[in-house]
Amino acid sequence: MMPSRDLVSWNTVIAGNAQSGMCGDALAMLRDMGRANLKPDSISWNSIIAGCVQNGLFDEGLTLFRKMVMAKVKPGSVSLSSITPACAHLTTLRLGKQLHGYITRFGFEDNVLIASSLVDMYAKCGYIMIARRIFNKMKLHDTVSWTAMVMGYALHGHAHDAISLFKQMETEGLKPNSVAFLAVLTACNHAGLVDEAWHYFNSMRNDYGLSPHLEHYASVADLLGRAGRLKEAYDFICKMPAPSSSIWSTLLAACRVHKDVEMAENVANKVFRIDPSNVGAYVLLSNTYSSAKRWKDAAKVRITMKSKGIVKEAACSWIEVKNKLHAFVAGDKSHPCYEKIKTALEELVEQMEKEGYVPDTSEVLHDVDEEYKKSLLFNHSERLAIAFGIISTPEGATICITKNIRVCNDCHTAIKFISKIVRREIIVRDNSRFHHFKDGKCSCQDYW
DNA sequence: CTAGGGTTAG
């Protein structure tokens with residue numbers, strides 16, 4: 001049956017609203033359709049679901065997907081390729097697996113769009129091997145599916161796999177676009193491959209006529225910084241068009257890692273000139289002073305922050321144990337097992353010290369301001385989460401933590417140590433990548 | 001001119 005002209009008109013307006021980010025309006029229209037005696041069809045639903053997912057409203061997208069199924073509208077290939085990315089972003093593997101089951105059962109596996117979002121979903125949920133298996137089963141690869149796989153390897157620190165796939169894509173005559181380049185640069189970044197990154201950064205323009213975006217510059221600048229080539233990174237940023245405050249912040253993070261106070265002061269000023277109330281820059285500057293054991297200066301920055309009324313929102317880590325999510329905020333004592341966790345953590349720190357592991361800067365507390373001490377003392381939500389994982393998961397289980405900031409060098413040392421003494425693999429995911437810890441070693445290179 | 005996949009780090 002041909003859809004009525006009315007339905008098409010409604011759908012057009014709904015799609016228009018959803019695409020421009022007004023999902024609430026689009027949803028209201030869906031309800032109004034009933035009043036106009038029209039039943040929303042799969043296109044009406046898909047438009048809104050896709051609108052939500054594309055605008056970062058992943059939970060809303062999933063809720064609507066469920067509502068669509070309850071309204072007895074069958075999810076088709078478009079629904080599936082729109083909703084799978086929501087699982088990828090939320091790293092909800094359980095839901096993603098259910099979708100995968102549905103996809104297999106109804107024979108949507110060969111759809112390039114669906115398959116590439118599955119590749120992405122498994123990679124983002126920590127299952128790089130499954131991602132690769134799905135990728136291999138695909139009959140045809142386009143730029144997007146190659147890119148999803150390259151980015152997956154980059155995310156897991158498998159830079160050489162990522163680069164060789166990228167090369168293979170080029171060999172097969174597919175033109176990498178700017179996202180594909182971002183993926184390969186991310187891979188180089190995560191493995192500290194400076195020369196390779198330069199090669200690809202230049203290749204963008206020279207071989208494919210693509211001008212690098214802010215993200216490409218940011219990736220190279222971050223890589224140079226992490227590799228300790230701070231001056232080169234600084235010059236690189238100065239030469240690029242319109243550097244943002246966040247790109248300077250990346251370099252500031254590198255200054256903290258490499259304990260370069262002078263450069264940090266200089267770079268922090270660059271950030272403050274663009275964005276005077278940048279909380280992260282104050283914290284990074286303060287931590288750089290701490291890393292160089294200049295406690296008084298570190299405290300001074302904290303005091304300046306306080307006097308200006310700048311408050312840093314607390315860092316938060318999560319751990320999933322038996323399908324339940326536990327969140328830990330720095331300094332938080334509200335978890336029901338807090339006492340047990342604290343004991344586990346103390347034992348751990350004690351053992352670390354005994355074996356000569358370098359303690360965190362936050363634990364090297366000398367004659368500093370009491371206020372400052374407090375601000376640092378339990379500043380490691382991820383370690384609370386790890387300690388909780390240790391007391392609550394059986395021997396051999398995998399601990400998976402996600403965090404809203406990257407796994408820093410201090411934390412990295414701690415987890416390596418933990419993986420050794422608990423004799424189990426610990427998978428930690430921060431914003432940028434997965435770190436697989438086992439027997440005191442990490443899959444990612446140690447250079448930050 | 002109705003709907004769909006892959007974007008740095010912090």
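His335 sits in the loop between strand 2 (324–329) and helix 19 (338–354). Helices (H or I, at least four residues) and strands (E, at least two) are DSSP runs, numbered from the N terminus. This is a predicted model, in which local features need pLDDT of at least 70, side-chain atom pairs count only at pLDDT 80 or more, and totals for chains, interfaces and linings use all residues. Residues are numbered from 1 along each chain as its sequence is written, chains are lettered from A and ligands numbered from 1 in the order in which they are written, and side-chain values use heavy atoms, with hydrogens and water left out.

Is His335 buried or exposed? His335 is buried, with a relative accessible area of 14%. Buried means under 20% relative accessible area, exposed over 50%, and partly exposed in between (1.4 Å probe, protein chains only). The side chains of His335 and His326 are joined by a polar contact of 3.1 Å. A polar atom of the His335 side chain also lies 3.0 Å from the backbone nitrogen of Cys337. A polar contact is a pair of N or O atoms within 3.5 Å; within protein, one must be able to donate a hydrogen and the other to accept it, and residues adjacent in sequence count only if both atoms are side-chain atoms. Leaving aside neighbours within four places in sequence, His335 is in contact (heavy atoms within 4.5 Å) with His326, Phe328, Ile341 and Phe388.

## Helix 7

Helix 7 covers residues 112–124. At 1.5 Å a residue, its 13 residues should span 18 Å, and the end C-alpha atoms are 18 Å apart, which agrees. The expected span is 1.5 Å times one less than the number of residues. After the helix comes Gly126, whose phi is positive, near 100 degrees.

## Aromatic pairs

The whole structure holds 13 aromatic pairs. Rings of Phe, Tyr and Trp (its six-membered ring) pair if their centres lie within 6.5 Å; planes under 30 degrees apart count as stacked, over 60 as edge-to-face and the rest as tilted. Phe166 and Tyr200 form an edge-to-face pair, 5.1 Å centre to centre, with 75 degrees between the planes. Phe166 is in helix 10 (residues 159–171) and Tyr200 in helix 12 (residues 194–208), 34 residues apart. Both Phe166 and Tyr200 are buried.

The rings of Phe201 and Phe236 have centres 5.6 Å apart and planes at 70 degrees, so this pair is edge-to-face. Phe201 lies in helix 12 and Phe236 in helix 14 (residues 230–239), so the pair ties together parts 35 residues apart in sequence. Phe201 and Phe236 are buried. Ring pairs also link Phe166, Phe181, Tyr200 and Tyr208 into a cluster.

## Chain A overall

Chain A has 22 helices and six strands. Buried residues make up 50% of its 448 residues. Among contacts between residues at least 6 apart in sequence, 60% join residues at least 24 apart.

Confidence is given as pLDDT, the predictor's score for each residue, from 0 to 100. The chain A average is 86, and 87% of the residues score at least 70. Over residues 361–378, pLDDT stays under 50. For that stretch the model has 34 contacts beyond four places in sequence.
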